[in-house]
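Trainee: I am new to this one. Can you walk me through it?

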Amino acid sequence: MTTLTLQSVGVRLDHVTKRFSGGVIAVNDVNFSVPAGQLVTLLGPSGCGKTTTLRLIAGLEQADGGTLCIGERDVTNLPPHERGIGMVFQSYALFPHLSVFENIAYGLRLQKHTNAEIRESVEMVLHLMNLVGLDQRMPNQLSGGQQQRVALARALVLKPRALLLDEPLSNLDAKLRVQMRTEIRRLQRRLGITAVYVTHDQSEAMSLSDLVVVMNQGRVEQIGAPIQIYGTPASVFVADFIGRANFIETKIIAVENNRASISVLGRTLSVSCSSDFRAGDEVYAVLRPEVIRLSEGDGLARGEVRQATYLGSFVEYEIETGNQTLIVLDYEPWAGRIFAEGSQVAIVFREENVHLLRGK
Amino acid sequence: MPQLFSRWRRVDLWLICAVGLGILFVLLFIIYPLFQVISISVYSEGQFTLNPWQEMLALRNWWVPLWNTILLATIVGVTSTLTGFIFAYAMQRVALPFKGFLRALAILPIITPPFLLGLAAILLFGRNGLVTAGLFGVRTSAVFGLPGLVLTQTLSEMPVAFLVLAGMLGSLDTSLEEASATMGASPRHTFFRVIWPLMRPGLANSFLLAFISSVADFGNPMVIGGDYSVLSTAIYLRITGLYDHPGAAVLSVVLLAPSLIAFYLQSQWVGKRSYVTVTGKSSGRSRPWNDKLISGGATFVVILWAVTTILLYGSILVGSFANVWGVDYTLTLKHYLFIENLGLEPYVNSLILAVVSAPLTALMGLLMAYIFVRRPFPGRWLLEFGAMLSFAVPGTIIGVGYILAFNAPPLVLTGTATIIVISFIFRNMPVGIRAGIAALSQIDPSLEEASAVMGARLPTTLRRVVVPLIIPAIFSGLVFSFVRAITAISAVIFLVSPRWKLVTPAILAEINQGRFGVAAAYSTIVVATMITAILIAYRVSRQMGTTLELQA
Ligand SMILES: Nc1ncnc2c1ncn2[C@@H]1O[C@H](COP(=O)(O)OP(=O)(O)OP(=O)(O)O)[C@@H](O)[C@H]1O
Ligand SMILES: [Mg+2]
């Protein structure tokens with residue numbers, strides 16, 4: 001028996017709030033749901049309340065308001081040991097006085113299994129996590145990556161209804177981090193685990209998630225698939241935090257059929273927008289740096305190359321046009337096509353790549 | 001560069017002098033007296049002899065003091081570790097009111113002579129005790145002996161255990177407890193399967209520290225020991241009652257054994273951090289899902305402890321104003337007037353000698369610490385050994401050693417203030433060493449280098465970088481050397497003389513003569529002095545922008 005069958009369930013947060021003494025509102029009226037079997041990342045800058053949100057789900061902190069459901073059960077007032085979740089800590093939190101085997105068996109022993117059952121389950125996850133042969137080691141005799149696997153194995157062996165991970169890869173070096181995140185994703189898909197994954201690394205969030213919850217100052221800024229978060233950010237904060245963006249301040253001239261006419265770089269463009277925009281609204285036209293192309297021929301506008309930085313797989317330009325400085329990333333650089341600083345270039349982009357956000 | 005070179009040469013010269021001086025002092029005031037004690041037990045009139053040993057073994061019940069000492073120390077090791085652990089757990093994991101007050105209350109036994117608890121226990125539970133006779137109407141001497149000793153020593157060792165264990169509990173990664181909870185463990189299971197096993201080294205350490213302290217304790221056995229004879233008091237009685245120096249030496253050697261064994265185990269357990277400074281910082285938080293039974297039990301123990309402590313110290317305060325304790329509680333100042341008539345000399349002497357010895361202790365500690373921290377040096381082991389002995393050897397043995405070593409030429413010091421100050425310095429040196437190590441290890445050599453690179457000359461570097469970093473730790477070393485000098489009893493009781501009386505032996509004498517009111521008045525003055533001193537020290541250290549580190 002080498003597979004683990006899990007009864008994964010969804011997780012739902014309804015108007016959850018957490019205040020700390022000292023007046024900090026770490027989590028402020030947060031709502032989101034994690035569909036069963038999906039991986040949701042909580043992404044945001046340091047101190048935005050990701051860890052606190054996760055700890056609220058685990059029951060390690062008690063919410064000051066709102067309700068928390070795991071599956072159909074309202075767990076808002078349940079202590080952590082009755083919530084049936086698994087958690088992987090940033091520091092791994094392996095018990096230093098117990099061997100790898102006993103660390104993994106810890107929760108099983110509480111469930112009054114026979115020794116044979118425990119041995120079988122532990123061996124199964126040792127297999128699953130590539131830890132065979134390490135079961136008699138003590139945690140301090142393991143490498144960082146191995147400790148990470150043990151922490152994961154220890155959580156999985158209990159067949160949690162949902163798995164919570166708090167920056168589980170932040171103590172690993174860059175290469176191992178990429179390898180482990182692929183592994184975690186594969187495992188999560190294969191076992192169909194409901195997972196809430198905290199990270200402040202956007203590439204981790206992008207590569208892992210079914211859904212990303214972007215948080216800022218205790219609030220949810222946007223919830224969406226990685227492609228939505230990146231392509232159609234819901235706020236200036238999200239656009240700025242995820243990847244890089246050019247913000248061009250402008251005003252809507254007219255709105256018709258969910259398309260707005262705006263004036264950008266001296267041209268009038270028609271871009272799609274949501275229905276709540278009105279003529280006269282102050283808006284930002286958001287342009288990702290890689291959707292802009294530079295050319296020697298004609299374009300929407302002309303500009304001067306202020307700075308060109310060659311970075312191997314791409315070239316980063318700073319282009320001055322009118323009173324605006326644009327960042328442009330060219331992912332197809334070759335020697336003949338790198339524009340020199342001071343040269344005049346045409347700026348080209350497609351209307352459908354312009355995303356509108358409400359201004360201040 | 002040239003500046004750096006000349007600087008290092010000067011430091012090295014200074015270091016050689018320092019090591020030489022340190023070794024001389026250690027040989028003279030630690031090793032030599034101990035050697036005298038051992039030699040007099042096997043050497044008489046120029047000949048090797050086992051007579052003193054045979055005489056002792058010939059006594060019926062010769063083993064009783066040894067057995068009593070070890071039994072008491074074992075019990076107190078367990079009880080004080082347990083209460084210390086419960087206290088530490090309650091302070092860090094349970095929501096309790098008045099934590100600041102409780103913390104302050106826990107410090108009292110550290111800054112007051114421990115045998116005051118003995119006196120207080122007599123006042124509460126003795127023949128005329130407020131609780132025994134007053135409340136329940138029983139006249140009993142049951143508190144004298146093992147029960148009283150266990151009570152008083154537990155209360156006086158608990159703060160040390162608390163400091164050690166609170167430090168350890170605070171450094172425990174809380175995510176271990178949380179991980180346990182997320183795997184379905186109840187708080188109780190987590191307590192017994194995660195916290196307790198992880199605390200075991202700290203518990204063992206605290207047990208051994210309490211054991212060592214109990215073995216060395218002299219004051220409480222004198223006050224409340226009754227017929228329960230322990231080695232430290234047996235040694236004292238042999239010298240003062242029977243003038244039997246070889247016999248006292250034999251008992252001293254016997255007493256040395258459990259102390260050194262316990263100390264050896266303790267230093268092995270704590271490893272290289274045998275001079276670790278413990279701070280009673282509380283970093284933990286109470287948890288919303290704490291186990292009711294455990295937190296309730298801990299709260300109960302803490303309340304019981306607090307009430308007992310308040311009652312004990314309170315009885316001394318009240319006792320100092322009561323006309324005749326147990327008979328007539330009308331308030332009077334007669335005990336204070338009695339002391340005033342007798343003269344405040346012992347009290348003043350204690351203050352003077354403590355004030356004189358504190359900076360010397362701190363300096364000596366700094367010197368030793370410098371040698372320990374900065375570089376290995378031939379002869380360093382001797383210094384470390386000496387420092388270790390000064391911590392591990394009970395004061396009673398040091399007292400015996402000093403009267404044997406410095407009663408006759410070449411060095412006659414008995415009866416002088418010098419010998420008392422010297423005993424303070426070498427008894428309290430571990431406190432100074434700890435402070436010194438703490439101070440020096442804070443100074444990364446690169447700080448001095450950075451200052452030099454930025455163009456500061458050595459005097460400037462010292463003034464602007466080194467001294468500000470050292471001062472707080474030296475200050476706390478200073479404060480606790482002072483405290484320990486005032487509260488010391490076991491060694492100095494052999495060294496006081498008609499010219500140089502000290503306050504702790506004076507209190508002891510009053511207790512032994514049954515003048516509890518006078519003893520209580522004296523004690524109240526001492527406690528008030530110590531509290532004032534500590535409050536001033538806290539203020540001063542706050543103004544220096546640091547916190548006073550409690551040193552156990
Ligand atoms: N126990 C606590 N007491 C008081 N304030 C706290 C506590 N824990 C967290 N906070 C505060 O709550 C806010 C959110 O903290 P949280 O740990 O959730 O941030 P985070 O998003 O996980 O940040 P990081 O990426 O740095 O881990 C912060 O301002 C933090 O200072
Ligand atoms: Mg965090």
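This is a predicted model: local features need pLDDT of at least 70, side-chain atom pairs count only at pLDDT 80 or more; totals for chains, interfaces and linings use all residues.

Trainee: What separates the centres of domain 1 of chain B and domain 2 of chain B?

Mentor: The domain assignment (automatic or from a database) gives domain 1 (64-327) and domain 2 (341-543) in chain B. Taken over C-alpha atoms, their centres are separated by 23 Å.

Trainee: How many salt bridges are counted between domain 1 of chain B and domain 2 of chain B?

Mentor: The area buried between these domains of chain B (accessible area, 1.4 Å probe, lost on being put together, summed over both) is about 3,400 Å². Carbon and sulfur atoms give 83% of that area. A salt bridge needs a side-chain nitrogen of Lys or Arg within 4 Å of a carboxyl oxygen of Asp or Glu. Between domain 1 and domain 2 of chain B, the count is 0.

Trainee: Which chains does ligand 1 lie between?

Mentor: Ligand 1 has 12 residues around it (a heavy atom within 4 Å), and among the nearest are T51(A) and T52(A). A polar side-chain atom of T51(A) lies 2.5 Å from an oxygen atom of ligand 1. For T52(A), a polar side-chain atom is also 2.5 Å from a ligand 1 oxygen atom. Ligand 1 lies between chains A and B.

Definitions and conventions
Residues are numbered from 1 along each chain as its sequence is written. Chains are lettered from A and ligands numbered from 1 in the order in which they are written. Side-chain values use heavy atoms; hydrogens and water are left out. Buried area is the accessible area (1.4 Å probe) that two parts lose on being put together, summed over both. A polar contact is a pair of N or O atoms within 3.5 Å; within protein, one must be able to donate a hydrogen and the other to accept it, and residues adjacent in sequence count only if both atoms are side-chain atoms.
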